[in-house]
Amino acid sequence: MKGLFITATDTEVGKTVITGAIAAALKARGFNIGVVKPLASGGVANKQGQLVAEDATFLMKAAGLAEDKRALVNTVCLQLALTPAVAAMQTGVSIDMPEVISSCRYSAEMFDNVLVEGVGGIIAPLWEDYLVADMMAELGLPAVIVTRPNLGTINHTVLTVEYAKQRGIKLAGIVVNGWNQEQAGVLEQSNIDYIERLTGLPILGKFPVSASISVPEARVEGLAELAEQHLAIDKLIEAMEVGQ
């Protein structure tokens, strides 16, 4: 496999937006880029009554993938908005993690590069005692950690990085999501300074909130342009190449 794994310091940090932004930028540059959201919770029924993941829909649109490619993008979609292990047990679903990993690798074969998005934070349980970190280690892709700019982010980010290092996971760098350049002050800037100093990892971007971008509504207008402006796309490409 060749690509990146996108994880985060917590849930609702913006992994899907950042994964979609990277995908949109790479597609605009001519890359044959794939996106994979192996497991998703909080699925919604489409017009045909099928359970689909909004995150997967957003990623597909960002990468320019048609609806008939959904099976390549999302293997398991669960109805309850809980961590996958709990959502599955609560609804009587059994998750076959070896099959999920095989699906990820099969999907990766269809593209030159693939972006795999995790669920929640790095220690979120996917099935029984199998964690997001286990999937990251098994797939072997360099990881990008998405974090927040606000109070508490130093602790969450450094702990996430240290756990990943203990597990032998390759780390490409960190993206700060939800950055507001006009309002950023001592708190936000010192957070970034300490994160870089304490983790030894590069900040690969400070991504803003945009009203034109919506995961639930699958709105990706201007996403590639925002990625080029606010993410270090060249360095992300280099991380994909060096990771192999």
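Here are some numbered notes on the structure above, written for a first look.

1. Before anything else: this is a predicted model, where local features need pLDDT of at least 70, side-chain atom pairs count only at pLDDT 80 or more, and totals for chains, interfaces and linings use all residues. Residues are numbered from 1 along each chain as its sequence is written, and side-chain values use heavy atoms, with hydrogens and water left out.

2. Start with the inside. The largest nonpolar core has 47 residues. Such a core is a set of buried Ala, Val, Leu, Ile, Met, Phe, Trp, Tyr and Cys residues joined through side-chain atoms within 4.5 Å. "Buried" means under 20% relative accessible area, "exposed" means over 50%, and "partly exposed" is in between (1.4 Å probe, protein chains only). Leu 4, Leu 223 and Leu 231 have the most contacts inside this core. Helix H1 (residues 15-28) gives the most to this core, with eight residues. Helices here are DSSP runs (H or I, at least four residues) and strands are too (E, at least two), numbered from the N terminus.

3. Which residues does Leu 223 touch, leaving aside its neighbours within four places in sequence? They are Val 17, Gly 20, Ala 21, Ala 24, Phe 58, Ala 62, Phe 207 and Ile 213, where contact means heavy atoms within 4.5 Å. A second, separate core has 40 residues, including Val 100, Met 136, Leu 139 and Leu 171.

4. Now look at helix H2, which covers residues 54-63. Its buried residues include Phe 58 and Ala 62, both on the contact list of Leu 223. Ala 56, Leu 59, Met 60 and Ala 63 are buried in H2 as well. Just after the helix, Gly 64 takes a positive phi of about 75°.

5. On to charges. Side chains of opposite charge can pair when their charged atoms come close. The structure holds ten salt bridges, each a side-chain nitrogen of Lys or Arg within 4 Å of a carboxyl oxygen of Asp or Glu. One of them joins Arg 29 to Glu 228, with the closest N and O atoms 2.8 Å apart. This pair links distant parts of the chain: Arg 29 is in the loop between H1 and strand S2 (33-36), while Glu 228 is in helix H9 (residues 223-230), 199 residues apart. Arg 29 is partly exposed, at 36% relative accessible area, and Glu 228 is partly exposed with a value of 36%.

6. Is Arg 70 buried or exposed? Arg 70 counts as buried, at 14% relative accessibility. Its salt bridge is with Glu 67 (2.6 Å, N to O), and Glu 67 is partly exposed at 49%.

7. Another bridge runs between Arg 219 and Glu 217, whose closest N and O atoms are 2.7 Å apart. Arg 219 is partly exposed at 31%, whereas Glu 217 is exposed at 53%. Elsewhere, salt bridges that share partners join Arg 29, Glu 228 and Asp 234 into one network.

8. Cys 104 counts as buried, at 1% relative accessibility.

9. Last, a ring: the charged end of Arg 197 sits over the ring of Tyr 194, 4.5 Å from its centre. That label needs NZ of Lys or CZ of Arg within 6 Å of the ring centre and within 35 degrees of the ring normal.
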